[in-house]
Amino acid sequence: VYAALPSAKPVAARPPRRGYSGARRHVLVVDNEEPDREMLAQLLVPLGFVLRTAASGHDALDLLAAGYRPDAVFMDLAMPGIDGWETIRRLRRLNGGAKLPVAVVSANAFDQGLENDAGIAVADFITKPIRHSELLDWLERRLQLQWTLRPEPVALPEAPSGPVLPPPPDRLAELR
């Protein structure tokens, strides 16, 4: 005689995330592989995130040293030059970097279980290939996002009033 297994409660399907409410959030993606950076851009930009990318740890640190202040960072580990771990350690020493949410995005699942001195918890690892829902769940938790079913409207600059005039002839000549 076999006992019936308890049935699992069905998980309600989550409606698709189309945007989020509130101020636009800035995200820095650091990965030496252009297809990986592009994939994250195609996921995040339509949701309303303002995205910057860096192809190396040095490029990322240069952006941060120049005053760029993202709300979150996605960091690959295996990069030429300085790797993701060293980039995170240096980022943490910059003004405001100690509290900056950083997720490690790595193809090496083994890295997830490693203790590290960069302040990266197991919950801050996202394994490649990336599951979009996992990445968006991380952003929701770390940035306290409220998802919307529609993208937030983007405020467009007001159109100038009055007639539209062509540029002066000398300016047109320069453009030609």
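The residues lining the largest cavity divide into seven nonpolar, no polar and four charged, where Ala, Val, Leu, Ile, Met, Phe, Trp, Tyr, Cys and Pro count as nonpolar, Asp, Glu, Lys and Arg as charged, and the others, Gly among them, as polar. The structure is a predicted model, in which local features need pLDDT of at least 70 and side-chain atom pairs count only at pLDDT 80 or more, while totals for chains, interfaces and linings use all residues. Residues are numbered from 1 along each chain as its sequence is written, and side-chain values use heavy atoms, with hydrogens and water left out.

Rolling a probe the size of a water molecule over the atoms shows where empty space is left. A cavity is here a set of points, on a 1 Å grid over the protein atoms alone, where a 1.4 Å probe fits but cannot get out, and lining residues have an atom within 4 Å of a point. Grid points are joined across faces, edges and corners, and a volume is the space filled by probe spheres set on the points. One cavity of 30 Å³ or more is counted by this rule, and the volume of the largest cavity is about 40 Å³. Its lining consists of Val29, Val30, Asp31, Asp36, Leu40, Phe74, Met75, Asp76, Val105, Lys128 and Ile130. Two or more residues of this lining are given by each of the elements β2 (26–30), α1 (34–44) and β4 (72–75); helices (H or I, at least four residues) and strands (E, at least two) are DSSP runs, numbered from the N terminus.

In β5, alanine 103 is the bridge partner of phenylalanine 74, and valine 102 is that of valine 73.

In a regular strand the side chains alternate between the two faces of the sheet. From β4, Ala72 and Phe74 point one way and Val73 and Met75 the other way, and all are buried, buried meaning under 20% relative accessible area, exposed over 50%, and partly exposed in between (1.4 Å probe, protein chains only). In β5, five of its five residues are buried: Val102, Val104 and Ser106 lie on one side and Ala103 and Val105 on the other, so that both faces are covered. Serine 106 of this strand has a relative accessible area of 6%. The C-alpha atom of serine 106 is separated by 8.4 Å from that of proline 129, which lies 23 residues apart from it along the chain.

Proline 129 belongs to the loop between β6 and α4 (132–143). The peptide bond that leads from lysine 128 to this proline is cis, with omega near 0°; lysine 128 is also one of the residues lining the largest cavity. In the loop between α4 and β7, glutamine 144 shows a positive phi of about 50° although it is not a glycine. Glutamine 144 is exposed, at 59% relative accessibility.

Five aromatic pairs are counted, on the criterion that rings of Phe, Tyr and Trp (its six-membered ring) pair if their centres lie within 6.5 Å, with planes under 30 degrees apart counted as stacked, over 60 as edge-to-face and the rest as tilted. Tyrosine 20 and tryptophan 147 form an edge-to-face pair, 6.3 Å centre to centre and with 90° between the planes. This pair links distant parts of the chain, tyrosine 20 being in strand β1 (residues 19–20) and tryptophan 147 in strand β7 (residues 147–148), 127 residues apart. Both partners are buried, tyrosine 20 with a relative accessible area of 0% and tryptophan 147 with one of 17%. The pair of tryptophan 85 and phenylalanine 125 is tilted, because the ring centres are 6.0 Å apart and the planes lie at 55°. Since tryptophan 85 is in helix α3 (residues 84–93) and phenylalanine 125 in strand β6 (residues 125–127), this pair ties together parts that are 40 residues apart in sequence. Tryptophan 85 and phenylalanine 125 are both buried. Tyr20, Phe49 and Trp147 form one aromatic cluster.

The ring of tyrosine 20 also carries a charge contact: the charged end of arginine 24 sits over the ring, 4.1 Å from its centre, a charge sitting over a ring if NZ of Lys or CZ of Arg is within 6 Å of the ring centre and within 35 degrees of the ring normal. Arginine 52 likewise lies over the face of tyrosine 68, at 5.1 Å from the ring centre.

Definitions and conventions. 1 Å grid on protein atoms, 1.4 Å probe; cavity = no way out; pocket = protein on both sides within 12 Å on 5 of 7 lines; lining within 4 Å. Pairing = 2+ DSSP bridges.
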